[in-house]
Amino acid sequence: MRPTPAMSQTRSFREVFGIEPTVTARAHGRVNLLGDHTDYNDGFVLPTVIPQETVVEAALGEAMHEVYSATLDRHVRFGAGALDDFARYVGGCVRVLEQRGITVPPLRLRVASDVPVGAGLSSSAALEVATLRALDALFGLDLQPAEVAGLAHCAEVDFAGVSCGIMDQMACSLGRPNRMLFLDTMTLERRLLPLPQGAELLVMHSGVPRALADSAYNTRRGECEAAAARLGVKSLRMIDDVAALERLPSPLRERARHVITENRRVLAALAADAEAFGELMTQSHASLRDVYEVSVPALDALVDALQREPEVFGARLTGAGFGGCCVALVGAGNAAAIGRRIASRQFAHRPRIIVPRLKVAVRAEIASNA
């Protein structure tokens, strides 16, 4: 039995359902270092997992599926009808398995997570991947990691209503701590790489939450699809010449320019040292702010403060934007001190440190034999 970082201040599986769980599965959240808004354009991305994770305990149930969120202290039931609340994600995973011809009997599930919600750190993908891993273990499905990611992606798009690319699910399913996952989202070619030598990550929440389905995220995806159609290609991945964009109207021209230049930044980062990598991150934020227009004042203020720190190589918003988190590449051993220094300053919205996870008392831990 080992403790998990996923937190629960509420009832155990036995307290909720009266039995012990049969299986326990987990998945980390992720932070994207470079390559935002490129994945749904068949482009390149460079995420890594964060220490925070989601844990799903499961056993067979009776009559209807039951899901208890220890994080939210909420209990939902669902059957063949419409899905709502967090059942959109868990139930979506059940539905995608059923669509593959897999019979899923009534389940009892308990979810506990310390992946921040609405932060751009893939809390939904972590939940989907952990749920599918639990069902894989419960039913002996022998799903491969990339297969889990694909099913989780279908659950997000078809049942949660977010037209996302596959980066989040691939990162949560295939990522490893202290390694960057280089992923070609068109071919799914991938490899794990070390962080630049002498560097570590600092992730800070801007204090402004975001909700993808309610934001301009789907609008941005539609603009990219429209730009690709006008250029006569399947996706913007097929274009690498910025000059070819001049015939596009605004804002399609700007959206395509970000995608093309962001793909270049990801590829350049693969062989970059810490200083060059940081500069690419800084360029990426400027493009996300000024060209793709997905930043907000709180993100810009936090990135500016981070970039002014002498031990910071570079910083940018991470994820879809519209709130959430910023990520910085900093000199090894400096992340916690820089984060505390930034967090102590006055901002319109109070930022907080996500990574590194500081040594503070957690609410509780659940144990598993994984």
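This is a predicted model: local features need pLDDT of at least 70, side-chain atom pairs count only at pLDDT 80 or more; totals for chains, interfaces and linings use all residues.
- Helix α2 runs over residues 87-99, and its 13 residues should span 18 Å at 1.5 Å a residue; the end C-alpha atoms are 17 Å apart, which agrees.
- This helix is mostly covered, with 10 of its 13 residues buried.
- Among the buried residues of α2 are A87, Y89, G91, C93 and R95.
- Packed against the buried residues of α2 are the strands β4 (65-69), β5 (74-78) and β6 (107-113), together with the helices α3 (123-139) and α4 (145-159).
- After α2 comes G101, which has a positive phi, near 90 degrees.

**An aromatic pair within helix α1**

- F13 and F17 form a tilted aromatic pair, 4.7 Å centre to centre and with 50 degrees between the planes.
- Both residues lie in helix α1 (residues 13-17), four residues apart, about one turn of the helix.
- F13 counts as buried because its relative accessible area is 2%, under the 20% cut-off.
- F17 is buried as well, at 11% relative accessibility.

**An aromatic pair between distant parts of the chain**

- Y40 and Y217 form an edge-to-face pair, with 5.5 Å centre to centre and 75 degrees between the planes.
- This pair links distant parts of the chain, 177 residues apart: Y40 sits in the loop between β2 (23-34) and β3 (44-60), and Y217 in helix α6 (residues 217-231).
- Y40 is buried, with a relative accessible area of 9%, and Y217 is buried with 6%.

How values were computed. Residues are numbered from 1 along each chain as its sequence is written. Side-chain values use heavy atoms; hydrogens and water are left out. Rings of Phe, Tyr and Trp (its six-membered ring) pair if their centres lie within 6.5 Å; planes under 30 degrees apart count as stacked, over 60 as edge-to-face and the rest as tilted. Helices (H or I, at least four residues) and strands (E, at least two) are DSSP runs, numbered from the N terminus. Buried means under 20% relative accessible area, exposed over 50%, partly exposed in between (1.4 Å probe, protein chains only). The expected span of a helix is 1.5 Å times one less than its number of residues. Contact means heavy atoms within 4.5 Å.
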